[in-house]
Every structure is written in C-alpha cells, then in structure tokens.
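Have the sequence and the model open side by side, and let us walk through them together.

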Amino acid sequence: MRTAYTADQIRGAEHALMALLPEGTLMQRAASGLAAVCADLLGRVYGRRVVLLVGSGDNGGDALYAGERLARRGARVGAVLAGSKTHEAGLVAFTRAGGRVVDRAAIDDADLIIDGLVGIGAAGALREPYAELAAQANAARAAIVAVDVPSGADASSGRVPGAAVRAKVTVTMGAYKTGLLVDPGAACAGAVELVDIGLGDHLPDPDVAALTGCDVDVLLPRPATESDKYRRGVLGVAAGSDLYTGAAVLAVGGALRAGAGMVRYAGRHAPVAQVRAHWPEAVVTELDRPSIDGVGRVQAWVLGPGLGTDDWAHELAAKVLASTVPVLIDADGLTLVARDRGLLRRGAPVLITPHAGELARLIRAERDDIEAARLEYARRAAAELGVTVLLKGSTTVVAEDARPVRVNVTGSPWLATGGTGDVLSGVAGSLLAQGLSCYDAASCGAYLHGLAGGLAAVGAPLTAADVATAVPAAIRAVSGGPPGGPSGGPSGGTAWRAAGVVGEDNRARPRA
C-alpha cells in the first residue's frame, strides 16, 4: 500500500531523525537521490545544460547539492538564486564543483530544470519572483524535476491556489506527500520518484493511502469449493426509468462482471425490457408500484442510477433505504437524498458515490470549492452524513470516519463519458454484496473500474459498456494473470500503463 503524509507529519519525522544524525545528513541523502533521478532523465550527463531554480529553504539546498553532483559529472549547471537568502554551504559546494550563478535567461536554453523554489512548508499562492519563474520554466522546452513537491502545489492537500510548476518528475524525500496523490497537485507532479532518507521508523499513521494491485487482490472475495450463487452474494439493483433505461443495463452489467453470485433487478417496464435483453443472467422483477416486497432476499442494494426523481422514485428509494442491508446510492438517488436527508437515517451502512456537483448539493457547498479541496470535502461529507463517501473525479477519493482517506491511482481520461459511473456503482455494489465493507468495496471498486477503463481505452475512446466488459480482465490483472485474457487486449506493463497505474508501492531509491 502506498501511504502519504501531511507536511506537519513529515517535518515531525524529520526532526526526530535529525536528532540522531550528524548535521546535514538528510540533505545529503536527499541530494544524492535527486541527482540520480536527474542523471537517469538526462541519459548522458556530460555537457548537458542544467538550471537550478533555488529558493530560500531546504529545497534550494537540496537542489544546490544535487547540482554539485551533476557538475562533477561534467554537466554545465547554472543556479538562478531566487530567494531572499541562499543555503550557504550548498552554494559553496556548488560553485567549487564548477557550478555558476546565472540569470533567468538560462532557463530557456536548459536541457533540464530542477525546481527547488519552495518546499513542503509553503502555503498559499506563489509570490514573485517565484510565480514568474514557474511560468517561465513551464514554457521552456526542458523537462522539469521538482524537489519534494512542485512549487505552488500544497503538500498537505493538493491544492494549487495560483501559479505552479508543472513537473515531468517529482523527486519526493522520505515518504509520499498527500498533495502528490490528489489533484490538482498530482497533475503538477508528473511521475513521482520516492527517495529513502530513513524516515520510516519515525512516521505516524498516514494521512491518506492508495491501494496497490496486490492490496486489491488480497481484499477481493474469491469463491470457494463450497460456494453457490447465494453464498457469493446477491445484489439488488433499483435503477433505470422510462427516460434512462441504459443506466439500469450498465449498473447490472458492472455488478455481474464483478463477481456477484446473483443480481436481482427491480424497475419499471421500459428498463426491465432492456435488462432482460442484455443480461439474461439477471433475475428481473417488474414493479407496478414502488415496492421491493417481491424482489427476494439480497445482501446489498444499488440505488439510483437513472431512477428519476419523481414521487415514485422517492417512494422506492425510501423502501430500499428502510431495508437492513448495505446500500450504495448514486446519481438520481443522491438527488433524492439531497432533497430529503432523512432518508439516510438508517442503522445499516451507506456508501454514496457522488461527483463534485452531486456532493455540493448534498452538503450545501460550491462545486468549485470541492474540486479544489477534494480531501477536505470528502471528509466533511463522511462526518456530516454518517456515510462512506466515494467522491468521483480526476482523483477519486474514499472517506469514512477517522480512517485514512484512500486515493485511487487507476483510471484514464477516457472514462469521462456517460454511463461509466453506472458501471462503477454496479462493480462496488457487487463487492458490497460479496461481503466487503463500504470502505473496502468503494476502494476496490474504484481501483478495478479505473483499471478496466485503462484496459478498455488503450489511448482511444471507449463506451461505458466497454468498461463493464473489461472488469474481468482487471480482476485477472490484480490477481497476477494476463489482463487481456482469452479475448486479447493489452497485457503486462502495457496494460498497467494504459490504466494509469504508476509506482505501485512504496519502493524507493535507496539513500546515499
């Protein structure tokens, strides 16, 4: 599992470790790892032009000492001193190795730019001249390597309140920072390389965590020799309407593909006909009134995709939520709950799967504020509503009580298309019915859904139905089998890259 920490947590661990080591040891370890990543990125170091953007803090010192190492290998290294002060020992070592202090014009001719402007302690928007230097670096042809976090991105939250460096690679020291896993900060970070500087024993419980494929493999329910369709989990799906028949088809498809032993679908005539045509495996009940009395026993419900928001839908939602099994609420179900939050007063677990707009209606917030601070609002909603929250978006996060927020690392921009959320509801609902908690069902469901989207897209457009079809391949992939499976498709590293999975665990470059 990849774990990440706030700036305060990291600083506390650093202070505890520094008390045990000679002065400057951590900076030398950080600089060694940073220089190694930069050398790998350059390929040939000798004669290459490297520009350091050096701020007043320790990140500037890390950059100077890394620049010293690159200069000793023959790189032409210049440092733009942007801060009100400069790390004195680092600057002396840098110049002795042949590094030069240069003006900002050197940025435009660089082969590589090292961003050491501000570190994890920075808060708020970049001030000048840092903001202007960040913009110039972003416009240059050179690749940018950020030290610890991209300047302008908040290390503890991922917020980007103004200008920010957009790095190709971020070399982070000691442990992942929360802001490197959560957009918009994650989008500025590029690929993240972790350098081990020895913090491990001094770190507290993490602020956030991200499941790896191995974690998902361990959590996923597996059928045993004595299993039957009832023991494997029966999911009820209350979705679809005369206007949105496809939502029912997609939710049921996601559930069936994710391993539920049985899916019982309940809905009105039009979606019933579509579900029967697409999924003969589903047990279908046509409802002439909003009741679940004749549906049969289930272990969990999915409520809401395409259901509508009229009185009929509200009454059916009330009946589902009056049951004693876990319920996943999505789409129109969230609109109904936003109008009548009394529906959430129940003893059994609830998992909600909103996008930012739906969450804004639920907790009376602004959508833009939620997009800018996804962790904060997911936590707030979980506490305020007493539910597990899977907040969908460019970074999908799962929040529950005081547990570490889980950040999903799989996905593809091609998933931003109609109906994929309905598939996610079916996948996560299926895992609920198979016995996973809301926290684990949401986390594993998001992971598999994102991985399936990457496998289905491989750099090309997809439909929601493609995502549902690819779910078994995603399950094979996390289980160590060929992701493409019998029907072909990408496999191995290609599949993982297609799905957007980078850096599956906490493996780090060793410290010097």
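What follows starts with the ground rules, then visits the pockets, a helix and the backbone.

This is a predicted model, in which local features need pLDDT of at least 70 and side-chain atom pairs count only at pLDDT 80 or more, while totals for chains, interfaces and linings use all residues. Residues are numbered from 1 along each chain as its sequence is written, and side-chain values use heavy atoms, with hydrogens and water left out.

Let us begin with the largest pocket. A pocket here is found on a 1 Å grid over the protein atoms alone, as an open set of points where a 1.4 Å probe fits, with protein on both sides within 12 Å along at least five of seven lines. Its volume is the space filled by probe spheres set on the points, with grid points joined across faces, edges and corners. For the largest pocket that space is about 1300 Å³. Its lining (residues with an atom within 4 Å of a point) has 45 residues, and Gly393, Ser394, Thr395, Thr396 and Thr410 lie nearest the centre. Five elements each give at least two residues to this lining: α6 (185–189), β9 (191–195), α13 (367–372), α15 (420–433) and α16 (438–457). These labels are DSSP runs numbered from the N terminus, with helices being H or I of at least four residues and strands E of at least two. The largest share, 4 residues, comes from α15. By class, the lining has 17 nonpolar, 19 polar and 9 charged residues; Ala, Val, Leu, Ile, Met, Phe, Trp, Tyr, Cys and Pro count as nonpolar, Asp, Glu, Lys and Arg as charged, and the others, Gly among them, as polar.

The second largest pocket holds about 590 Å³ of space. Of its 29 lining residues, Glu14, Met18, Met27, Asp58 and Asp62 are nearest the centre. Two or more lining residues come from each of α1 (7–18), α2 (25–42) and α3 (58–72). The lining of this second largest pocket divides into 12 nonpolar, 11 polar and 6 charged residues.

Now follow α3 itself. Its 15 residues reach 21 Å from first C-alpha to last, close to the 21 Å expected at 1.5 Å a residue (the expected span is 1.5 Å times one less than the number of residues). Is α3 mostly enclosed or open? With 12 of its 15 residues buried, α3 is largely enclosed by the rest of the structure. Buried means under 20% relative accessible area, exposed over 50%, and partly exposed in between, with a 1.4 Å probe and protein chains only. Asp62, one of the residues nearest the centre of the second largest pocket, is among the buried residues of α3. The packing partners of these buried residues include α2, β2 (49–54) and β3 (76–81), where contact means heavy atoms within 4.5 Å. Just after α3, Gly74 has a positive phi of about 100 degrees.

Finally, the backbone. Most residues other than glycine have a negative phi, and most peptide bonds are trans. The bond from Glu128 to Pro129 is cis, with omega near 5 degrees, and Pro129 sits in the loop between β5 and α5 (130–139). Another cis bond, also with omega near 5 degrees, runs from Asp183 to Pro184. Asp148 takes a positive phi of about 75 degrees and counts as buried at 5% relative accessibility. Asp401 has a positive phi of about 50 degrees, but counts as exposed at 64% relative accessibility.
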